[in-house]
Amino acid sequence: MSRDRLNFAFLNIGHFFDHLFMLIFATVAALRLADEWGMSYAELIPYATPGFIAFGVAAIPAGWIADKWSREGMMIVFFIGIGASSIATALADSPIEIAVGLLAMGVFAAIYHPVGLAMVVHGRRKTGLPLAVNGVFGNLGIAVAALLTGYLIDSGSWRYAFVLPGAASIGLGLAYAVFVWTGRVRQVRAGARSTAAQTGLADAAPVDRATFVRVLSIIVIAAAVGGLLFQSTTFALPKVFDERLDEIAPSATAVGGYAFLVFAVAALAQLVVGYLVDRHSLRAVFAFVAGLQAVFFALMYQLTGVAALVVSIAFMLVVFGQIPIIDVLVSRITRSGWRSRVYSIRYIVTFSVMASTLPVIAGIHASWGFGALFAVMAVASIGTLTAVLTLPRTGAIVGQPSTA
């Protein structure tokens, strides 16, 4: 395997771990801690809020440090830091202690998106499919979080759900450090410059200031709504299934298994969408995806049983499918030297909304149930569709990119 492919593999595994760690608590809270600590689901959710705030806010300094210092170095910090924080979280004996652990996890988790995605798209003209492949790994992390945590809860203790991934991440961080170090040694011995300098890798096509501001504004709107939809679906789905699939999911393992099925199948949507945006109008693909989101969320309003499972797969397909579209837009309007910082803006918006969504989920669930939450998401999807329709109709930003 070439070094470029091996580096891409490390980045994909990093995306997998990033989302896995951030959703372990969602399943733990829904299926074990509520009973073990004598608290309701709505009471437990807010303790995850500081971690998700850090997930967003810390993206800005992470992107800046990566652009100024080293993206590879920041990835090493990510792997080891989030792993150590996860292990520390497993030692919590109170809600406050677990909130502190989740906060530390959020700080290190914030590194991945502005840094890892900038590394994924670096030097590529067609960024849709690489981002989609990387996105699939992130979504599989979401899926495995529910499955693995549910299994460990039934098998022994919720603490294992934090310790085992934490140890694995530390090991990967050390392996990536060795990989980066050996690569630099080879470059020094060969007297070579960086790959980018040697090959003149592709960069974003220049765009005028007005178009940049217009597209960036749409990215911010879509990222905000996307954060709402992503958090509401991925965080709440285990609890939704616990309530609505009671006849076919009688245990924590079964709930986690169905959540894994939905997330794993839906992850494949990113490959399709990534392929399409590399070859067709990004504006048209984006509008189609946003429209389907509104339809499927409206359908889910009061569904239960198998019908709820099927529609859940449908709405997760389009929620996950939207993710690479926004990241492709960022890659098309920004140059490499600024890309981590622009990605950090995109993700601070997304994750800040995700953090504020947690108490909203708790409040809606306590007052009206999940039907009201799906209604809110349907309306929000219409807002995304409206913003997308204001994208330019032509040009390299929204049309088929050059293959040069």
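Is T149 buried or exposed? In this predicted model, T149 counts as buried, since its relative accessibility is 1% and anything under 20% falls in that class. The residue sits in helix α8, which runs from residue 128 to residue 155. A polar atom of the T149 side chain lies 2.6 Å from the backbone oxygen of A145. Setting aside neighbours within four places in sequence, the contacts of T149 are with I24, T27, V28, V144 and A161.

Helix α8 also has a packing partner in α7, a helix that spans residues 112-121. Here the two axes are 9 Å apart and meet at an angle of about 140°. That angle makes α7 oblique to α8, because a pair has to be over 145 degrees to count as roughly antiparallel. As for handedness, α7 goes past α8 in a right-handed crossing. On the α7 side, the contact is made by Y112, L117, V120 and V121, while α8 brings P130, L131 and N134 to it. Sorted by class, that contact between α7 and α8 comes out as 6 nonpolar residues and 1 polar residue, with no charged ones.

The crossing of α14 past α17 is left-handed. From α14, the residues taking part are R283, F286, A287, A290, G291, Q293, A294, F297 and A298. Facing them in α17 are F374, M377, A378, S381, I382, T384, L385 and V388. By class, the contact of α14 with α17 holds 12 nonpolar, 4 polar and 1 charged residues.

One more position is worth a look, this time in helix α9. That helix covers residues 160-190, and A167 is part of it. With a relative accessibility of 44%, A167 counts as partly exposed, the class that lies between the 20% limit for buried and the 50% limit for exposed.

Note on methods:
Residues are numbered from 1 along each chain as its sequence is written. This is a predicted model: local features need pLDDT of at least 70, side-chain atom pairs count only at pLDDT 80 or more; totals for chains, interfaces and linings use all residues. Side-chain values use heavy atoms; hydrogens and water are left out. Axes are lines fitted to C-alpha atoms, for helices over the stretch in contact, and angles run from 0 to 180 degrees between N-to-C directions. Helices (H or I, at least four residues) and strands (E, at least two) are DSSP runs, numbered from the N terminus. Angles under 35 degrees count as roughly parallel, over 145 as roughly antiparallel, 65 to 115 as roughly perpendicular and the rest as oblique. A crossing is left-handed if the near helix is turned anticlockwise from the far one by less than a right angle, and right-handed if clockwise. Contact means heavy atoms within 4.5 Å. Ala, Val, Leu, Ile, Met, Phe, Trp, Tyr, Cys and Pro count as nonpolar, Asp, Glu, Lys and Arg as charged, and the others, Gly among them, as polar. Buried means under 20% relative accessible area, exposed over 50%, partly exposed in between (1.4 Å probe, protein chains only). A polar contact is a pair of N or O atoms within 3.5 Å; within protein, one must be able to donate a hydrogen and the other to accept it, and residues adjacent in sequence count only if both atoms are side-chain atoms.
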